[in-house]
Amino acid sequence: FFSTCLYFTMAPAVGKTWDIEDIDKQVPKDFKGSTEVTSFFRKHKPLTPAHKKFYSKITRRIPADRVYADELRTFAFSVDASVYRLIPQMIVRVENTKEVQDCLAVARECNVPITFRAAGTSLSGQAQSDSILVLLRHSWKKTEISDDASVATFGPGVIGAHANRFLAPYGKKIGPDPSSISSCMMGGIASNNSSGMCCGTKQNIYNTLHSLRIVFCDGTLLDTADPVSREAFRKSHPTFLEGISELARDVLSDKTLTDRIRHKYTMKNTTGYALNALVDYTDPVDIAAHLMIGSEGTLGFLDEIRIFTCVEHKDKASCLVLFPDLYTAGLCTAALKKEPVYAVEIMDNICVQSVAEKPGMPALAKTLRGDESALLVETRGANPQELQKQIDRLIQVIKGFKTLNAVEFSKDPVLCGQWWDIRKGLIPSVAAVREPGSSVIIEDFVSPVHMLADMCVEMRRIFVKHGWKTEEVYILGHALEGNIHIIFAQPNLGKPENALKFDELMVELCDAIVNKFDGSLKGEHGTGRNVAPFVELEWGKKALEIMKRIKTLYDPRGLLNPGVILNDNAKAHCENLKGMPLTSEVVDKCMECGFCESVCASLDVSLTPRQRITVQREISRLRESGENAKLLKTLENEFNYLGEETCAACSWCATSCPVGINTGKLTKNLRRVKSELTKPTGVTSLFKPKPTSLSMFAAKRFGLLVGCASTALTAASWVHYFLGSRIMYFLAQTARKILPIPNWLPTIPAPARSIRQKPSTGKPKVVVYHPCGSRMMGGKSNVDPTRNDLTVVTENVLEKAGYEAVYPKGLDGMCCGLAFHSKGFFETNDWKTNESIEAIWEASEGGKWPVLCDGASCVAHFKEAKGQKAKALKFYEPFEFAKLYVVDKVDITPTTEKVAVHVTCSANHMGLTGTIKEVMKTLAPNNVFPEHVYCCGWAGDRGFNYPELNKASLKYLKKGVEGCSKGYSNNQTCEVGLSFHSGIPYRSVLHLIDDVASAKL
């Protein structure tokens, strides 16, 4: 707080004029607060000579701040959703095709293997490397849609759900729909030939592929949609193309092998390379392109993916039906395969139990205790009449089997959405109920659909034989395609005896799938390392030799993702297994799936939630084992910035996690531990008291601190007024290089005017609570010349709606406590929160009147407070308050301006997104919610101290608000960063209400 006061003394809030692009030009590129952290070599495990050479050469082509070789980040970035862990020697984050080509060129020169990774949500170990791991950054987001929306082009970094969002206005979607679609990227979807719940085999990437841009191992770029590029490639690579043609001839000359290939691909199959390309196409360029699909980064880099889009039917219905046992559910699926059904998902009883409490699940699900199982069925129609006809037919089919509940289809998009969200999140949900500390293993088998029931029974028998209990093995999957996922846990997977147990299990499982059911060892999760030793078992020796020839043609030196798909090590599937050490009850159930990463504020700055968890697990393991004190100290020290200080603790990750794991809570707990462990001794204790004591000292004098900050803002604003934004910004950034002072931005408003209680008018009352951020920064701004004081605006809105504003006594010294809670000072938070609650309780006359607080984060914090008074008070942020207390009581003339809207983290957590959209439709119908903008990264005071977090979080904002005149939100501190990085002024929505509303006559 004192450093904040010092900051306000130096850097006031009001400025004359500003332009973000001009300001950026004035600031040195190396000023404190860049969006990356300088790399350094690992201290404990030196790089190999070849990798030192690679580092030296690659940093001449790619900035060193995007090449990581330190111990913490190489460990953190090693994590993916699989049960494997290989720690890379180096991480390289690439931004464009040229940098990919540079990486390949240097890798060839240094003879070091290289692996590409998109989102890291794959489950078979295919995104692991102990050499060079190349990561895609946010620049790989190219999206183009043809005029008729029949073809769409995506960069490999486009998230699958975002691709569907872009296509939705055209009534189209991408074919694949994996459960990780909200996190996985198009590069990974294509490289794994992912499918999912509804796409089957007809709508996977292979069968909807239009064309590709490929970067081959030698750096050559081929665009298979461009005749010029194709012709150039034919001239430059005749030997390669002749080799492809020769492979196709060899396959087609063997009728047995050709028939085998065609049969195998009537089912889902991602084991080995896409041999169907050799029988489906004749042009070697087309064959080469289709061989890239499902190749898991072992043949080249997918620079762009063009696909034929699929129709997204509006008329659809779903049914969740329970059966007495898994076998009956399997038999029903076989019957449904012949009917007009779009998807059938199977869930055994243990899966159902893990999600029985989720909204939408039938009450009966909570009572099941035996072998009961569920099918989630969806059908879609071209029109409502066709849909109903299909529903009637499906009900008739399902009723031919014994069911435990009524067979009823629902067309309610909310209920159906709940069911399918449950299914999408089922893998991490199931993983969360495992024994803490055990590793999660997921297998992905396929049989012909008519053998599904028998396969499920056989899989369970094998698991029981090898020591697992029935209730420890979860069976779910895409039943309509005969594709099941088996999830099970194994404690202490690193122990040799447990790895051996896993090995023996896998050998028998794979033998049964191939020899009893003639199925696929991988239906959609990719071969990876998990079944690489079993490719020959499934395909036979001749097909394996064809695959080896494919690998040699594309990658003669074996540098691209070695060990994946093809692996001569018969034990590769049970080596490099990942443990899950206990670290905190808050996150111990995490399976490291990565669903959280796409919405993380620090994604491009430091670590993601998944990476924070995996590093904390390693730190806990090292503490427990005592095996490497030097490494432990290194990880602890590096985690301070990369893990703790740059975590926004906004908990947005919890909303993306199917089981609600809140890494923000973990961060706050770590901050608390840090504050409690800080114990100054001797004379220094007189001048540097323990942080917890200092926090309480600040809390008890909070009004004085706020007053000092406000006074400094007011006084120093004149300096800013005369210097202007550019010079002030440059001086502030220069000062930050010398002094540990907070960041300053020209968009910080001046302090709000003093709050004075007006005489009572006898009207209904509303208790107004202005947070400390609004009191210090709720005033006028030269960046936004028409902006009025937030305190004045609030009173105006209430007066127009017929209310009287009342303020809690001592408001100037109040704080909701969040400022202390976010730093780990939980006791101080409790004291400060209770102090405010008591004053608000009195002002509301015992909870009689609603409480309007213009800061959504404070409202969320108050709602989480303990005690009867806190629970009885009715707290509202501006949007919800407007909906319930204002909109119907005033006359509104909506603005015609195009405006932007930001949903803050707290508003999202409180489930107010729908309310915000409803209110904005009334106030400003022409509004936009910018894509890919989640937490703004300001996070209380993080924006002052770690501006790189705010900058990275809002990297897509300026493009998203093009054409907008203003932006609106419900948190003053957030609006500072939003204004700066968008180039338009952001205000509280109360300003908009004041502008468009008038009192009813």
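Reader: Where does UniProt place the feature "domain: FAD-binding PCMH-type"?
Author: The UniProt record, an unreviewed entry, places this feature at residues 84-312. UniProt positions follow the numbering used here, feature names are shortened, and annotations may be inferred rather than shown by experiment. The model is predicted: local features need pLDDT of at least 70 and side-chain atom pairs count only at pLDDT 80 or more, while totals for chains, interfaces and linings use all residues. Residues are numbered from 1 along each chain as its sequence is written, and side-chain values use heavy atoms, leaving out hydrogens and water.

Reader: How much of residues 84-312 is helix and how much is strand?
Author: The span is 35% helix and 19% strand, and its end C-alpha atoms lie 36 Å apart. Helices (H or I, at least four residues) and strands (E, at least two) are DSSP runs, numbered from the N terminus.

Reader: What are the domains of the chain?
Author: Domain 1 covers 144-217 + 262-311, domain 2 covers 581-677, and domain 3 covers 704-733 + 761-999. These bounds come from an automatic or database domain assignment. The C-alpha centres of domain 1 and domain 3 lie 44 Å apart.

Reader: How many helices and strands does the chain have, and what makes it as compact as a globular protein of that length?
Author: There are 44 helices and 27 strands. The radius of gyration is 30 Å, close to the 30 Å that the globule rule gives for 1001 residues, so the chain is as compact as a globular protein of that length. The radius is taken over C-alpha atoms, and the rule is 2.2 Å times the number of residues to the power 0.38.

Reader: What share of the contacts in the chain between residues at least 6 apart in sequence joins residues at least 24 apart?
Author: The share is 76%, where a contact means heavy atoms within 4.5 Å.

Reader: How many aromatic pairs are there in the whole structure, and why is the pair of Tyr265 and Trp539 called tilted?
Author: The search finds 26 aromatic pairs. Rings of Phe, Tyr and Trp (its six-membered ring) pair if their centres lie within 6.5 Å; planes under 30 degrees apart count as stacked, over 60 as edge-to-face and the rest as tilted. Tyr265 and Trp539 lie 5.8 Å centre to centre with 35° between the planes, so the pair is tilted. Tyr265 is in the loop between α11 (255-264) and α12 (277-280), and Trp539 is in helix α21 (residues 535-539), 274 residues away.

Reader: What makes the pair of Tyr876 and Tyr885 edge-to-face?
Author: The angle between the planes is 70°, with 5.3 Å centre to centre, so the pair falls in the edge-to-face class.

Reader: How do you know whether Tyr876 is buried or exposed?
Author: Buried means under 20% relative accessible area, exposed over 50%, and partly exposed in between (1.4 Å probe, protein chains only). Tyr876 is at 11% relative accessibility, so it counts as buried. Tyr885, at 17%, is buried too.

Reader: Why is Glu845 called partly exposed?
Author: Its relative accessibility is 41%, so Glu845 counts as partly exposed. Glu845 sits in the loop between α34 (826-843) and β20 (851-853). Its phi is positive, about 55°, although it is not a glycine.

Reader: How do you know whether Arg942 is buried or exposed?
Author: Its relative accessible area is 9%, so Arg942 is buried. Arg942 lies in helix α40 (residues 942-945). Residues it touches, not counting those up to four places away in sequence, include Glu644, Glu645 and Arg671.
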